[in-house]
Amino acid sequence: MARLNWGMIGGGEGSQIGPAHRISAGLDGKFNFAASALDIDAAKGKAFAQTLGIEGDRAYGDWREMLAGEKDRADRVDLVTIATPNSTHFEIAKAFTEEGFHVLCEKPMTMTVAEAEELVKLAEAKGTILAVNYGYSGYSLVRHMRAMVARGDLGKVRLIKAEFAHGFHADEADADNPRVRWRYDPDLAGVSAQFADCGIHALHMASYVSGQEAETLSADFASGIPSRTLEDDAMLNIKMSGGARCRLWTSSIAIGRMHGLNIQVFGERGGLRWAQEQPNQLFWTPLNGRTEIIERGAGNLSPEADRASRVTIGHAEGMPLAFANIYLDLAEAISAHKHGRTADSAATQYPKAIDGLRSMAAIVAAVDSAKQQGVWVDARPPMLR
Ligand code: NAI
């Protein structure tokens, strides 16, 4: 397969998520980093791009310049990653999708449900790929949990417990740090801070693993740092489409919690437990049985898990490898799209615009519910009701 051309917007020097994208997109040699608009500061972005090996004429100062420069090139970028702050995602994703580019957008996909619906419809109309980076769905054992639920190992899923809690925004003295500030500024972050930043990863994972989507939810939002207008802690109860209940906690003031993305799934015939900080082990307890540890890399777990296991059993699995699985899926999907063939069915599980849309609907529903002392509200986007 010929290498695909890849471009990135945002993710400049010193950004949190830029390096993870560069490492993961480059890992399999499927993508050639060909063009970028990396930084809000044009000169800084151009200079950094050149240190990363991008040719001078494709190290653009901003995304509009990049769109104009790329759209008519014969070797234009096959995939554009959007790794800018949330408020810019919609405008950039829309502009590139309209020109027929495939896009991987950071989460949350947009600031409003209406924008997310517009993007879902636009990508459908254009026939382009619009993926959303719920990158933790790339872990081998997350894909195995999904496969175990889908093949019926747990029976009917009754209960899901999902958490994403960290303690890195707990210091009031650090509230002015530019990397932290935008996350709690409604103009830049949107209607929600912590739920939109981290909670939606937990919600996406609950849906991804269980195969059930949020239908109604009740939320309680809190601001542990009172100067924040947006929440830094949230607890949600969610009624899922297949009848399961999901209990979801997210926090950025949980001092001592690191990157606490944890999931437990309880069915009629057994329970599963997985934590991102210990991604190589999945704990499985069958009804009336003993707890078993399923190790990543053990042979023949499931085709989905086997495809996503890149290092032999026992080796630590880094977070960029999970992102790399999203890129690998996209390379296969784009290549299949380009050559008019069917994509490998094990490669179609990357999160899509529809997942971005569901998240947006859940964010707005959660904010609505929290304002009304946790009343149950519809969590589904209007077009899916
Ligand atoms: P950051 O503040 O560390 O970096 C943002 C970068 O974007 C900077 O290099 C900045 O100069 C650049 N930028 C800002 N506006 C721009 C524009 N208009 N054009 C080009 N570049 C621009 O932010 P961070 O933490 O890297 O987050 C970026 C996005 O990634 C957010 O949407 C965030 O929610 C998401 N994210 C996703 C994660 C995941 O696990 N999927 C983890 C962390 C962040």
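**Figure 1. Strands β10 and β11 form a hairpin, with two residues between them.** Helices (H or I, at least four residues) and strands (E, at least two) are DSSP runs, numbered from the N terminus. The model is predicted: local features need pLDDT of at least 70 and side-chain atom pairs count only at pLDDT 80 or more, while totals for chains, interfaces and linings use all residues. Residues are numbered from 1 along each chain as its sequence is written, and side-chain values use heavy atoms, with hydrogens and water left out. Strand β10 and strand β11 (residues 270-275) run antiparallel and are joined by five bridges; two strands pair if DSSP finds at least two bridges between them. Within this pairing, Ile 263 has Trp 274 of β11 as its bridge partner.

**Figure 2. Strand β10 (residues 260-267) is also joined to strand β6 (residues 157-165).** The two strands run antiparallel, with eight bridges between them. Lys 161 stands opposite Gln 264 of β10.

**Figure 3. Asp 78 and Lys 338 form a salt bridge through their side chains.** A salt bridge is a side-chain nitrogen of Lys or Arg within 4 Å of a carboxyl oxygen of Asp or Glu. The N to O distance in this pair is 2.8 Å. The pair links distant parts of the chain, 260 residues apart: Asp 78 is in the loop between α3 (63-70) and β3 (79-83), and Lys 338 is in helix α11 (residues 319-339). Asp 78 has a relative accessible area of 11% and is buried. Buried means under 20% relative accessible area, exposed over 50%, and partly exposed in between (1.4 Å probe, protein chains only).

**Figure 4. The side chains of Asp 197 and Arg 183 meet in a salt bridge.** The distance from N to O is 3.0 Å. Asp 197 lies in helix α9 (residues 194-210) and Arg 183 in the loop between α7 (178-181) and α8 (186-189), so the pair ties together parts that are 14 residues apart in sequence. Both Asp 197 and Arg 183 are buried.

**Figure 5. Further salt bridges include the one between the side chains of Asp 39 and Lys 44.** The N to O distance for Asp 39 and Lys 44 is 3.9 Å. Asp 39 is buried, at 17% relative accessible area, whereas Lys 44 is partly exposed, at 41%. Asp 57, Arg 58, Glu 70, Arg 73 and Asp 75 are linked in a network of salt bridges. The whole structure has 24 salt bridges.

**Figure 6. Gly 7 is a residue of strand β1 (residues 4-10).** Gly 7 is buried, with a relative accessible area of 0%. From C-alpha to C-alpha, Gly 7 and Arg 22 are 9.8 Å apart in space, and they are 15 residues apart in sequence.

Figure 7. An N or O atom in the side chain of Gln 16 is 2.9 Å from an oxygen atom of the ligand. A polar backbone atom of Gly 12 is 2.9 Å from a ligand oxygen atom, and for a backbone N or O atom of Ile 40 the distance to a ligand oxygen atom is 3.1 Å. The protein covers 90% of the 850 Å² of accessible area (Shrake-Rupley method, 1.4 Å probe) that the ligand has on its own.

Notes. Polar contact = N/O pair within 3.5 Å; in protein donor to acceptor, adjacent residues only side chain to side chain.
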